Amino acid sequence: MKQEFEYIDDYFKGLLKGEERKIFEQRLVDEPGFAEEVAFYVSAHGAARDLVHEEKRNRFREIPVQSFNNGNPVIRKWLPYVAAAVFIGVIILVSLFYFTGSSPKELPHQLAHQYVAKEFTRLGVPMSTAGDSLQQGINLYNEGKPEQLQQALIVYEHLIQNDSANNLALKYAGLVSLRLKQYDSAFAYFQSLANIPDLFSNPGKFYSAITILERNRPEDIPRAKKLLQEVVRDNLEGRETAEEWLKRW
Amino acid sequence: MALNLVLESDIIEGLQNDVSKRHQYEDSLYKRFSYFVEEGKRKYFLTHEDAFTAYSDTIIIVLENIVNKTFQGRSSLKTYIYQVFSNKCVDQVRKNTTNKNEVHKASDLSKALDAVSDATKTILQRLIDKADTDLLKQRLNALVGNCRQMLLLSADGYSDKDIAQIMGFKTSAVAKTSRLRCLEKLRQSYKSQNDETGV
């Protein structure tokens, strides 16, 4: 014969069927001692559940509550769309690579922008300029702040006023203007530099191209291309870079 | 484990079938919709503590319903949890204007007696009302060996097969016998203490 608790356990776990269940329930009515056993079973189960719930609540209390905006629900909501966008992007890139046989081309103004960021953030000091106004302007340029750049521009403009063919002053005035995003002024200085004949190395035309690529007006792109082609044709300073860009145009 | 990124279906599957990681899946489910706590505070004007209690109780109920497969996935888990949570928030509002314990006691008993037919429910109800629940909990906490854990696992919906796996018994039958022996020990401990206090 089964132990009483096993019998009760089987009832509450649904293991007793049909007639057995009826007998069990009849015993509850007829036998007060049995009813007390069943009541204890239910009470003990309830007390154990209470303890389980208390433990769970204490565990949950340790978990930080997420706010609606920074929690995953928002991320999850957009996740399928983001995944779809990434998937489409990958397909486009793969298609470009497949059909062109190379990585996607960078836009000309992006090339110029990268060049400026890489080459013109700090200027080197020419050997002949130590201690003079050119050096003072370069120091101000390398400080990088707008106020210092403006002061550098004043220094170079003063030099240009005294000598309009001062190629270094024109070059640095153009670079300062470029950093200040005064593209028209920068282009004018570099064009003046480009027009100085007989210099051993003249970057004027190359820098002019860079300047108008940075300015990025609709008419600037073909004009910059033409300037770069001239740099290559005349073997001017910046020829290698100009060739590289023209290949990727 | 980055369970926050786990699918709802994986959480349900894990809760129902992965005994060894059930706690992790429980915590993940709790965390997933824990922003409801703020909703409870905003919409039902609950204190943070009351909103937390409402949400914790919601998750506890939902976990039970997932484990015993009462939740059948007719709505999304979020919708289901939100419905239960709304009811729990209303309970909290009522609790603040009525007797705190009665609200909970009624729901706990109705759950425990679900399996019993209406004819015998009244008899049991009367007997259960006489039980000293605090003393029972105290005696449960005082059980030695694995008895407390075994009875709590059973109350948490773990089957004898699960208990055998967790506690290293050879078979579910051995786990069941051990569990029922523990229940007998609890009864003796409760009865002797009850007799001493003259209740």
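Ala173(A) is located in helix H8 of chain A, which covers residues 167-179. The structure is a predicted model. With a relative accessible area of 0%, Ala173(A) is buried. Because the limit for burial is a relative accessible area under 20%, Ala173(A), at 0%, falls in the buried class. Beyond the neighbours within four places in sequence, the contacts of Ala173(A) are with Leu153(A), Tyr156(A), Ile160(A) and Tyr189(A). Glu157(A) lies 16 residues from Ala173(A) along the chain, and the C-alpha atoms of the two residues are 6.9 Å apart.

The secondary structure of chain A consists of twelve helices and zero strands. In sequence order, the elements of chain A give the pattern α-α-α-α-α-α-α-α-α-α-α-α. Chain A has 249 residues, and 40% of them count as buried, Ala173(A) being one of the buried residues. Among contacts in chain A with a separation of 6 or more, 47% are between residues 24 or more positions apart. The accessible surface of chain A amounts to about 14,500 Å², and carbon and sulfur atoms contribute 56% of this area.

In chain B, helix H8 spans residues 133-142. The buried residues of this helix include Leu135(B), Leu136(B) and Leu140(B), together with Lys137(B) and Arg139(B). An α-helix has 3.6 residues a turn, so residues three or four places apart point the same way. At the start of H8(B), a side-chain oxygen of Asp132(B) comes to within 3.3 Å of the backbone nitrogen of Asp134(B).

Note on methods:
Residues numbered from 1 in each chain as written. Chains lettered and ligands numbered in written order. Predicted model: local features only at pLDDT ≥ 70, side-chain atom pairs only at ≥ 80, totals over all residues. Heavy atoms only, no water. Buried < 20%, exposed > 50% of the residue type's maximum accessible area, 1.4 Å probe, protein only. Helix = DSSP H or I, 4+ residues; strand = E, 2+ residues; numbered from the N terminus. Polar contact = N/O pair within 3.5 Å; in protein donor to acceptor, adjacent residues only side chain to side chain. Contact = heavy atoms within 4.5 Å. Areas by Shrake-Rupley, 256 points an atom, 1.4 Å probe, with all protein chains shown as cover.
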